[in-house]
Amino acid sequence: SCRWILTLAARTPGVRSLSPNVTQALWNKWVMLASGALMNSLMRGTIAEILSTHDGRRLMMQAMAECRSVATAESYPLSAEDVKGLEARLLD
């Protein structure tokens, strides 16, 4: 068990928890990072700069949908709650 790592880490600032499904958590993280990196690379700007353009929000939503479709195809779809969190980070 990895609880000893959590116990050790609990001595430092921050909030931590053990994930019941690490692979799903990693896919969730990949979708967020890949969506942001996709848009940063293609649009050559920050998320804020992209969202400030006429089509920025629509394009970001398409990027997130595409990355989510990859996770779903690999049998790791994001939950509705995780999608809300993704949108909160990348559409704000």
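Arg44 is exposed, with a relative accessible area of 77%. Exposed means over 50%, buried under 20%, and partly exposed in between, using a 1.4 Å probe and protein chains only. This is a predicted model, where local features need pLDDT of at least 70, side-chain atom pairs count only at pLDDT 80 or more, and totals for chains, interfaces and linings use all residues. Residues are numbered from 1 along each chain as its sequence is written, and side-chain values use heavy atoms, with hydrogens and water left out.

Arg44 sits in the loop between H2 and H3. Its phi is near 50 degrees, a positive value in a residue other than glycine. Ser75 also has a positive phi without being glycine, near 75 degrees. Ser75 belongs to the loop between H4 and H5. At 58% relative accessibility, Ser75 counts as exposed.

Next, confidence. The protein chain has a mean pLDDT of 91, and 99% of its residues reach 70 or more. pLDDT is the predictor's confidence in each residue, from 0 to 100. Among the elements, helix H1 (residues 3-9) has the lowest mean, 80, and H4 the highest, 96. Helices are DSSP runs (H or I, at least four residues), strands likewise (E, at least two), numbered from the N terminus.

The largest nonpolar core has 17 residues. Such a core is a set of buried Ala, Val, Leu, Ile, Met, Phe, Trp, Tyr and Cys residues joined through side-chain atoms within 4.5 Å. Val31, Met60, Met64, Leu78, Leu86 and Leu90 have the most contacts inside this core. H2, H3 (47-51), H4 (56-73) and H5 each supply at least two of its residues. H4 gives the largest share, 5 residues. Leu90 touches Met32, Ser35, Gly36, Ile47, Leu51, Met60 and Met64, not counting residues up to four places away in sequence. Contact here means heavy atoms within 4.5 Å.

Last, the pocket. A pocket is an open set of points on a 1 Å grid over the protein atoms alone, where a 1.4 Å probe fits, with protein on both sides within 12 Å along at least five of seven lines. Lining residues have an atom within 4 Å of a point. Here 13 residues line the pocket, and Ala25, Asn28, Lys29, Met32 and Asp82 lie nearest its centre. Helices H2 (22-43) and H5 (80-90) are the elements that give two or more residues to this lining. H2 gives the most, with 5 residues.
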